[in-house]
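Work through these exercises with the structure open. Try each task before you read its solution.

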Amino acid sequence: MLKETVFAFLDLETTGGNSSTDRITEVGVRLWREGEVLEEWQRLVNPDTRIPAFIQSFTGITDAMVADAPRFEAIADELQALLKGCVLVAHNARFDYAFLKAEYRRLGQSFALPVLCTVKLSRKLYPEHDRHNMDTLIARHSLPQVKRHRAIGDVEAMQAFFEHVLVAKGEPVVVSAIKDLLLHPAVPSHLPPDILAYVPRGPGVYRFYGEDDVLLYVGKSTHMRERVASHFSGDHNSRRGVQLSQRMRRVEWTETAGDLSAMLLELKEIKTLSPLYNRRSRAAKRLLSIELRPNEDGFLQARLVREIDPQRLGDYYGLFRSKKDAEVALRGVAAKNELCGRLLGLEPPGQGPCFQRTLGRCKGACEGLEDVLRYNLRAQIGFHGLHLKTWPWPGPVGVVEQDPESGRTDILVIYNWMHIDTVHSEAELTDLSLKNRSVTFDMDSYKLVVKALLGRGGTRHRVIELPALGAPEILVPAGTE
Ligand SMILES: [Zn+2]
């Protein structure tokens, strides 16, 4: 293998860490085969943007130095030709590869090469060590000192490391490690390269952990292995995606019998464990809804409610995360149905025509020009689409989910749209009591379970009625602004 392969040791300097917004400022490459440097190539690149001061002082590459350098566009073809047929070698290769892909993408070109990461190579050959950054490798293996943080300096260090391990570990060991790494190109450098082989293919919830077992991310999928692999691939190169990959130290998963179980488990873990990289974990729990109640003249008046009683869902219209969201919905209903702005609470109380009336957008309930019954009927029709679903069963139910592939069964115990527990057989249901349990009503699980059980075409799940289990205590999240 070593005889036939040209390794292109490559390093980039950039204006920052995000390949979709930051740009390349320097490229250094050495083509190497069997201990011999075939060619050395380095270029400064005009990034078409300012280099942040801290990066200028870190790399020594200043705005002035790149002002007259060619843009990437001008060196793109030469670099493609240089690297053609090579194995690209880089330290934390995911970073360099993502930047090259992004630069070529901007030019409407594709860029693809087999990639070998020397962080992963070091990790594989020296699993007893935790740190594999370049400074550590230089110190650990007494490699010659180079000009760090300039492209060709880092390339020299990489080459020295490569040549060192060939001697220290012997060619067969290194070649077998390289082959292995080239087979699993997309796995983040701190995870075992064969991790994907262990992740189940079926439905479930997966978790990524970082250093000190910090929970970074919880996700779900009906095809876990495929989804986990998509997190690893360099294709989603957002700053968060790259950061998440670099911080991953461990992957864990829970198999489920299907999509609904996976979604409910994911939701529960995001809410209770607040993983660092799940955006939803930041969303507040507080909920608002709209209630329609007759005023002293009998007209239905809309009122925002902050304390939702899950036993009276049929009295509410819509679930909202903020007062603003609720008002947007109210304005929508008002405009579509020519309802009174004052009765909807969109205008301050007062006498005479509401503001909407003066614009000709209210049929005049505020001025006594519209009949109470007629107005109320129009209001109910207008709000109909927002009506919350009342729980249609006399008590808790077991929703059966089965995976024909794995033979796994999950019975989700659900009451008032809230997931209370999961068991795996009907026998387990008889031992269950919900009497001393408490659950919290929340919008996400409401929407999810309503969709699964009442969604288009009806439920695909078998539902077992379980009134004998008793009802759990329902906690209502406190409504604060
Ligand atoms: Zn009005």
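Rings of Phe, Tyr and Trp (its six-membered ring) pair if their centres lie within 6.5 Å; planes under 30 degrees apart count as stacked, over 60 as edge-to-face and the rest as tilted. This is a predicted model, where local features need pLDDT of at least 70, side-chain atom pairs count only at pLDDT 80 or more, and totals for chains, interfaces and linings use all residues. Residues are numbered from 1 along each chain as its sequence is written, and side-chain values use heavy atoms, with hydrogens and water left out.

**Exercise 1. Aromatic rings**

Find which residues form one aromatic cluster with Trp-391, then classify the pair Tyr-97 and Phe-111.

Solution. 
- Step 1: The whole structure holds 20 aromatic pairs.
- Step 2: In the pair Tyr-97 and Phe-111, the ring centres are 5.8 Å apart and the planes make 55°, so the pair is tilted.
- Step 3: Tyr-97 lies in helix H4 (residues 93-106), and Phe-111 in the loop between H4 and strand S5 (115-117), 14 residues apart. Helices (H or I, at least four residues) and strands (E, at least two) are DSSP runs, numbered from the N terminus.
- Step 4: Tyr-97 and Phe-111 are both buried (under 20% relative accessible area; exposed is over 50%, partly exposed in between; 1.4 Å probe, protein chains only).

**Exercise 2. Thr-5**

Is Thr-5 buried or exposed, and which residues does Thr-5 touch?

Solution. 
- Step 1: Thr-5 is in the segment before S1.
- Step 2: Its relative accessible area is 12%, so Thr-5 is buried.
- Step 3: Leaving out residues up to four places away in sequence, Thr-5 touches Trp-32, Arg-33 and Val-87 (contact means heavy atoms within 4.5 Å).
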